[in-house]
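Please look at the sequence and the model shown below, and keep both at hand while reading this report.

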Amino acid sequence: MSAPVLTALPTGLDDLSVWPSSTARLPDGHLSVGGVSLADVADRFDTPAYVLDEGEVRARCRTYRAAFPDADVLYAAKAFLSRAMVRWIDEEGLGLDVCSAGELELAVMAGFPAARTVLHGNAKSPRDIETALRLGVGRIIVDSPSEIARIAAQAGSGGVGSGGRQKVMVRVVPGVSAGGHEKIRTGTDGQKFGLSLADGSAQHAVARVLGQSQLELTGLHCHIGSQITDVKPYLVAVRRMVGLMARIRETHGVTFPELDMGGGHGVAYRPGETALDLTALARRLGEELSASCAAAGLPVPRLAVEPGRAIAAPAGVAVYRVLAVKRTGSTMFVAVDGGMSDNPRPALYGARYAPRLIGRPATAEPVAATVVGRHCEAGDILAADVLLPGDVRPGDLLAVPVSGAYQLSMASAYNLVGRPPVVAVHDGSARLLVRRETQEDVRRRDIGV
């Protein structure tokens, strides 16, 4: 691919503030990311396709390490995971937060040290626990009372770690409501995750874990929600978690060395939206933790945070080709060759995106349009009421920024449409990380007659 010719970035419809920092505008309406033209990616790898900027991922990892120099930063694998992503995370010095045996095995197969991983899950399967113990996972996050005896029994029979003890943490629901949508608010009672602080479930679970000789309780964990853009809910959660740690010390004489405050750090999906201020979060979280511990007479535990979206989402761009354009009443529908099978977030959470025409210059004024997918579902909408050039037509390319998290990881086989590939771009070159799912892949899984 030839080296791009860079020009100044325009404003308005060409606002690139939520795109990877390597994004540049090329002549004739083209955009490049990581030094690679997105139109060239579409030609070479077909559409739809995910483009992931390796440099952006690495830069965001380094930003977290700089902001939290004395804490453990664990990348939340559920946002997006591949062998290349594992390698980048490892090389940048982050740990890993996994939610299944599958995620853990992929990471270990790619060379990631299991001791730098934590295992989550509100309903861990026997295989999840067995795999975690066998591979030597660093921490298991206890999410329900029923897990305690099962983990202890399997740890005792498997002889994990020193003396067969598995390190665990108890996930606490601190009663803090935060998050961009009710379906991703996990810090209050009435949802499936964690053990309640309010009704005593968390304290009871701590007592039970302390009674298991096969388990070593290293601290507490909480996760209050996702897509959070305000620091204040984290500060409230810290105070409540330290308060619980103080009560545990009074009751059991135990002082915990670790506190994991989860992730949920919000990003901007469209120009003008607010993202969580990471520098402010790190500073104020550290200040609040120190002050709360001092007031309670506790030593300050080692902090952990679990960013996923904030690392992966802004590094990704989804590229689609327009298949049809039509007007129904006052609405202009622009249908593309992907949809809810490769991005279910708009249907699940009402997520909003800012698609952009690429690959040619616009020759018409912008009009309101709704970008829809190809699936047989009225709710298959990728972006409602967005501005696109009025001359958008079949064959055009649309690119959607902030597409690196919770898209491929939640992709489905709806209508037996294969999942898109993931293409890494870096320093002017593009390479395939995850190949496109083919019809042959689908047929091979169907073995019944």
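Predicted model: local features only at pLDDT ≥ 70, side-chain atom pairs only at ≥ 80, totals over all residues.

Residues are numbered from 1 along each chain as its sequence is written, and side-chain values use heavy atoms, with hydrogens and water left out.

**Helix pairs**

Helices (H or I, at least four residues) and strands (E, at least two) are DSSP runs, numbered from the N terminus. In the table, axes are lines fitted to C-alpha atoms, for helices over the stretch in contact, and angles run from 0 to 180 degrees between N-to-C directions.

| Helix pair | Angle | Axis separation |
|---|---|---|
| H2 (residues 54-67) and H3 (residues 83-91) | about 35° | 9 Å |
| H4 (residues 101-109) and H5 (residues 126-135) | about 25° | 9 Å |
| H7 (residues 201-210) and H8 (residues 232-252) | about 45° | 11 Å |

With its angle of about 45°, the pairing makes H7 oblique to H8. The convention is that angles under 35 degrees count as roughly parallel, over 145 as roughly antiparallel, 65 to 115 as roughly perpendicular and the rest as oblique. H7 and H8 cross in a right-handed way, where a crossing is left-handed if the near helix is turned anticlockwise from the far one by less than a right angle, and right-handed if clockwise. On the H7 side, Ala-202, Gln-203, Val-206, Ala-207 and Leu-210 meet Leu-244, Arg-247, Ile-248 and His-252 of H8, contact meaning heavy atoms within 4.5 Å. Sorted by class, this contact of H7 with H8 has six nonpolar, two polar and one charged residues; here Ala, Val, Leu, Ile, Met, Phe, Trp, Tyr, Cys and Pro count as nonpolar, Asp, Glu, Lys and Arg as charged, and the others, Gly among them, as polar.

For H4 and H5, the packing angle is about 25°, which makes H4 roughly parallel to H5. The crossing of H4 and H5 is left-handed. Residues Ala-101, Gly-102, Leu-104, Glu-105 and Val-108 of H4 meet Arg-127, Asp-128, Thr-131, Ala-132, Arg-134 and Leu-135 of H5, and by class this contact of H4 with H5 has five nonpolar, two polar and four charged residues.

H2 and H3 have a right-handed crossing. In this pair, Glu-54, Val-57, Arg-58 and Cys-61 of H2 meet Met-85, Arg-87, Trp-88, Ile-89 and Glu-91 of H3, and the residues of the contact of H2 with H3 divide into five nonpolar, no polar and four charged.

**Cysteines**

How many disulfides does the structure hold? It holds zero disulfides, a disulfide being a pair of cysteine sulfur atoms within 2.5 Å. Cys-99 is in no disulfide, and the nearest cysteine sulfur, that of Cys-222, is 15 Å away. The sulfur of Cys-222 is itself 13 Å from the closest cysteine sulfur, in Cys-293, which is too far for a bond. Cys-99 counts as partly exposed at 30% relative accessibility, whereas Cys-222 is buried, with a relative accessible area of 1%; buried means under 20% relative accessible area, exposed over 50%, and partly exposed in between (1.4 Å probe, protein chains only).

**Two strand residues**

Arg-139 is found in strand E8 (residues 139-142) and, at 16% relative accessibility, counts as buried. Although Arg-139 and Leu-217 are 78 residues apart in sequence, their C-alpha atoms are 9.3 Å apart in space. Leaving aside neighbours within four places in sequence, the contacts of Arg-139 include Thr-117, Gln-166, Thr-218 and Glu-258.

Thr-370 belongs to strand E17 (residues 366-372) and is buried, with a relative accessible area of 6%. Not counting residues up to four places away in sequence, Thr-370 touches, among others, Thr-331, Phe-333, Ile-381 and Asp-385.

**Backbone features**

Most residues other than glycine have a negative phi, and most peptide bonds are trans. A cis peptide bond joins Thr-47 and Pro-48, with omega about -10°, and Pro-48 lies in the loop between helix H1 (38-45) and strand E4 (49-53).

Asp-28, which is not a glycine, has a positive phi of about 60°; this residue sits in the loop between strand E1 (24-25) and strand E2 (31-33). Is Asp-28 buried or exposed? Asp-28 is exposed, with a relative accessible area of 55%. Asp-427 also has a positive phi, near 50°, and lies in the loop between strand E20 (422-426) and strand E21 (429-434), where Asp-427 is exposed, with a relative accessible area of 70%.
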